[in-house]
Amino acid sequence: MGYIKSAALEETGYVVLDSYNQELDPKEWLDIEYVDWKSSGDTRFAPLASKDGEIECGGFWSGRNPRTDKDGIWIPSQVEKAPHLVRRAQEPGANVGRCRVIELQPNTYADCLYNLHQDDNNRLNTDGSGWVVRGFFNLTDDKDSFFVLRDNRTDPSVEYRIALPAGAQLIVDTQRMWHAATHSGTEPRYCLITSWTSGPELDAYIEKYHGRPLVPNYEVSQELLDAGQAEQTRRLAARAAALAARGQQEQTVMSEA
């Protein structure tokens with residue numbers, strides 16, 4: 001039977017929505033509680049909804065009473081401090097699983113390529129139900145930063161680079177697409193990340209905000225692209241050699257984040 005998926009994400013694995021006027025909302029992400037949780041770079045996370053309604057970031061399929069990444073429990077102490085962020089996460093009307101704000105410290109394009117990963121969203125998801133995808137709402141004004149998406153972790157021939165000014169909004173099938181962010185500047189980047197279940201509610205939300213499956217790439221120099229690719233190749237080879245020396249093999253990169 002397969003899963004229920006959004007046709008809008010079929011072409012490229014992502015859609016970019018209309019920009020949101022982030023300046024109208026307070027900076028609630030500065031008030032909520034963060035925990036150390038490493039994903040794709042130097043990161044912390046502030047969960048708003050989690051598996052058990054606690055301030056933790058584990059996958060719903062781990063620990064006691066494992067389940068798929070759906071039916072997240074809102075954390076009262078966090079919701080009280082960030083009602084606008086919760087409203088935005090709930091606006092589509094789709095089922096919400098994990099919902100959190102990421103804090104990403106500045107990094108380079110080479111760091112981003114090395115940290116490309118796929119998310120583990122649909123473990124234990126039942127056949128015939130909605131496929132879990134993720135929404136990314138950029139909260140800070142990171143005009144010199146960009147989100148990187150690839151079909152293949154090490155193949156630059158298909159690479160989408162999405163600009164990340166304040167109010168940028170995209171939805172990504174992060175279990176399909178390799179992804180990470182290049183964040184320039186001196187201050188952390190903050191982004192609201194929400195796991196949504198695909199279905200008619202999410203489809204209507206994508207249509208309402210004119211989801212586009214392809215936008216112009218954020219422009220960077222060919223020199224930067226080539227240097228980043230070379231550094232990714234070098235780092236992955238070094239990691240593979242280190243693992244081989246310990247009698248281990250590289251595993252498929254899947255993230256709980």
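**Reading a predicted model**

Analyst: Val132 is found in strand 7.

User: Is Val132 buried or exposed?

Analyst: Val132 is buried, because its relative accessible area is 0%, and buried means under 20%.

User: Which residues is Val132 in contact with, leaving aside its neighbours within four places in sequence?

Analyst: The contacts of Val132 are Asp69, Lys70, Asn121, Asn122, Asn125, Ser195, Trp196 and Thr197. Sequence distance and distance in space are separate matters. Val132 and Asn95 are 37 residues apart in sequence, while their C-alpha atoms are 9.1 Å apart in space.

User: Where does Asp69 lie?

Analyst: Asp69 belongs to the loop between strand 3 and strand 4 (73-74). With a relative accessible area of 1%, Asp69 is therefore buried.

User: What does the side chain of Asp69 reach?

Analyst: It reaches the backbone nitrogen of Arg98 at 3.0 Å. The side chain of Asp69 also makes a polar contact with the side chain of Ser195, again listed at 3.0 Å.

User: Which residues are linked with Asp69 in a network of salt bridges?

Analyst: Asp69 is linked in the network with Arg98, Asp119 and Arg134.

User: How many salt bridges does a search of the whole structure find?

Analyst: The search finds 14. One of them joins Glu103 to Arg44, with the closest N and O atoms 2.9 Å apart. Glu103 is in strand 5 and Arg44 in strand 3, 59 residues apart. Glu103 counts as buried because its relative accessibility is 7%, whereas Arg44, at 29%, counts as partly exposed.

User: What should I look for at a buried charge such as Arg100?

Analyst: Look for a partner. Arg100 lies in strand 5. Arg100 is buried yet has no salt bridge, and the nearest side chain of opposite charge, that of Asp69, is 6.7 Å away. A polar atom of the Arg100 side chain does lie 3.5 Å from the backbone oxygen of Cys57.

User: And nonpolar residues?

Analyst: In soluble globular proteins, nonpolar side chains tend to be buried together. Here the largest nonpolar core has 28 residues, and Leu48, Leu85, Val101, Ile171, Leu192, Trp196 and Leu202 have the most contacts inside it. Elements that each supply at least two residues of this core include strand 3 (43-50), helix 2 (83-90), strand 5 (96-104) and strand 12 (189-197). Apart from this core lies another, of 20 residues, among them Leu104, Leu149, Tyr160 and Leu164. Leu104 is in strand 5 and is buried, because its relative accessible area is 2%.

User: How do I read a helix?

Analyst: An α-helix has 3.6 residues a turn, so residues three or four places apart point the same way. Helix 5 (residues 222-245) has 24 residues and reaches 35 Å from its first C-alpha to its last, close to the expected 34 Å. The buried residues of helix 5 are Leu225, Gly228, Gln229, Gln232, Leu236 and Leu243. They pack against helix 3 (109-114), strand 8 (142-150) and strand 9 (159-164).

User: What should I check in the backbone angles?

Analyst: Most residues other than glycine have a negative phi. Asn65 has a positive value, near 50°, and Asp71 has one near 55°. Asn65 is placed in the loop between strand 3 and strand 4, and Asp71 is found in that loop too. Asn65 is exposed, because its relative accessible area is 65%. Gly247, which follows helix 5, has a positive phi near 75°.

Technical notes. Residues are numbered from 1 along each chain as its sequence is written. This is a predicted model: local features need pLDDT of at least 70, side-chain atom pairs count only at pLDDT 80 or more; totals for chains, interfaces and linings use all residues. Side-chain values use heavy atoms; hydrogens and water are left out. A nonpolar core is a set of buried Ala, Val, Leu, Ile, Met, Phe, Trp, Tyr and Cys residues joined through side-chain atoms within 4.5 Å. Buried means under 20% relative accessible area, exposed over 50%, partly exposed in between (1.4 Å probe, protein chains only). Helices (H or I, at least four residues) and strands (E, at least two) are DSSP runs, numbered from the N terminus. Lys and Arg count as positive and Asp and Glu as negative; His and the chain ends are not counted. A salt bridge is a side-chain nitrogen of Lys or Arg within 4 Å of a carboxyl oxygen of Asp or Glu. A polar contact is a pair of N or O atoms within 3.5 Å; within protein, one must be able to donate a hydrogen and the other to accept it, and residues adjacent in sequence count only if both atoms are side-chain atoms. The expected span of a helix is 1.5 Å times one less than its number of residues. Contact means heavy atoms within 4.5 Å.
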